[in-house]
Amino acid sequence: ILGLISMVVLMLFATFVFGLGPWTGSRVIAAIVVTVFTASAASGFGMLLASLCRTRAQLGGISTIVILVMSALGGSMIPRFLMPDFVQNLSVLTFNAWAVEGYLDVFWYSGVNDGLGSLLGRMFGSLGILGGMTVVFMFAARLFARRWETA
């Protein structure tokens, strides 16, 4: 829920400050879909990190470093097409890269008259990988969290 609220605030800011849009019904629904998939992957990744760490302080330090590196590799700081080829190939391991691709499919590669089916079809690869990463992150988090259980 926090991820969804954050994205709404970011989208409103981008709309009023940078002129993001035009907002059509299809684009709104597609943006909501990619936001749900992105927030799910981020939540799963956060749960994985939390299950790997022993203390809150350790989680704070490790998560800051890991998230900054993932953001740099995944295209959240600079566009991936400006990066060297080996970094672009490495970036596909981050969910940031797939989230950025999903949002680019909605706002950059689509036309105003594109229908929802067209948008979702274009986003299918990004959504599939984000969904797969969510499942892997949550499964791994569950495996690592077993050490905290008592018999």
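In which helix is arginine 27 found? Arginine 27 belongs to helix α2, where helices are DSSP runs of H or I with at least four residues, strands are runs of E with at least two, and both are numbered from the N terminus.

The model described here is predicted: local features need pLDDT of at least 70, side-chain atom pairs count only at pLDDT 80 or more, and totals for chains, interfaces and linings use all residues. Residues are numbered from 1 along each chain as its sequence is written, and side-chain values use heavy atoms, with hydrogens and water left out.

**Overall architecture**

The chain contains 6 helices and 0 strands, and its pattern along the sequence reads α-α-α-α-α-α. Its C-alpha atoms fill a box of roughly 55 × 35 × 30 Å, taken along the principal axes. Of its 151 residues, 32% count as buried; buried means under 20% relative accessible area, exposed means over 50%, and partly exposed lies in between (1.4 Å probe, protein chains only). Contact means heavy atoms within 4.5 Å. Among contacts between residues at least 6 apart in sequence, 66% join residues at least 24 apart.

Helix α5 covers residues 95-107, and its 13 residues should span 18 Å at 1.5 Å a residue; the end C-alpha atoms are 18 Å apart, which agrees. The expected span is 1.5 Å times one less than the number of residues. Because 10 of the 13 residues of α5 are buried, this helix is largely enclosed by the rest of the structure. Among the buried residues are Phe95, Trp98, Tyr103 and Phe107. The buried residues of α5 pack against α1 (2-18), α2 (25-52), α3 (56-74), α4 (85-91) and α6 (116-145).

For α3, the 19 residues should span 27 Å, and the end C-alpha atoms are 26 Å apart, which agrees. The buried residues of α3 are Ser63, Met70, Ser71 and Gly74, and their cover includes α2, α4 and α5. Just after α3, glycine 75 takes a positive phi of about 95 degrees.

**Charged residues**

Side chains of opposite charge can pair when their charged atoms come close. A salt bridge is a side-chain nitrogen of Lys or Arg within 4 Å of a carboxyl oxygen of Asp or Glu. A search of the whole structure finds 2 salt bridges, listed below.

| Arginine 80 | Glutamate 101 | 3.5 Å |

Arginine 80 lies in the loop between α3 and α4 and glutamate 101 in helix α5, 21 residues apart, and the pair links distant parts of the chain. Glutamate 101 is partly exposed, with a relative accessible area of 23%, and arginine 122 is also partly exposed, at 32%.

Arginine 27 is buried yet has no salt bridge; the nearest side chain of opposite charge, aspartate 114, is 6.7 Å away. Here Lys and Arg count as positive and Asp and Glu as negative, while His and the chain ends are not counted. Leaving aside neighbours within four places in sequence, the contacts of arginine 27 include Val106, Phe107 and Leu119.
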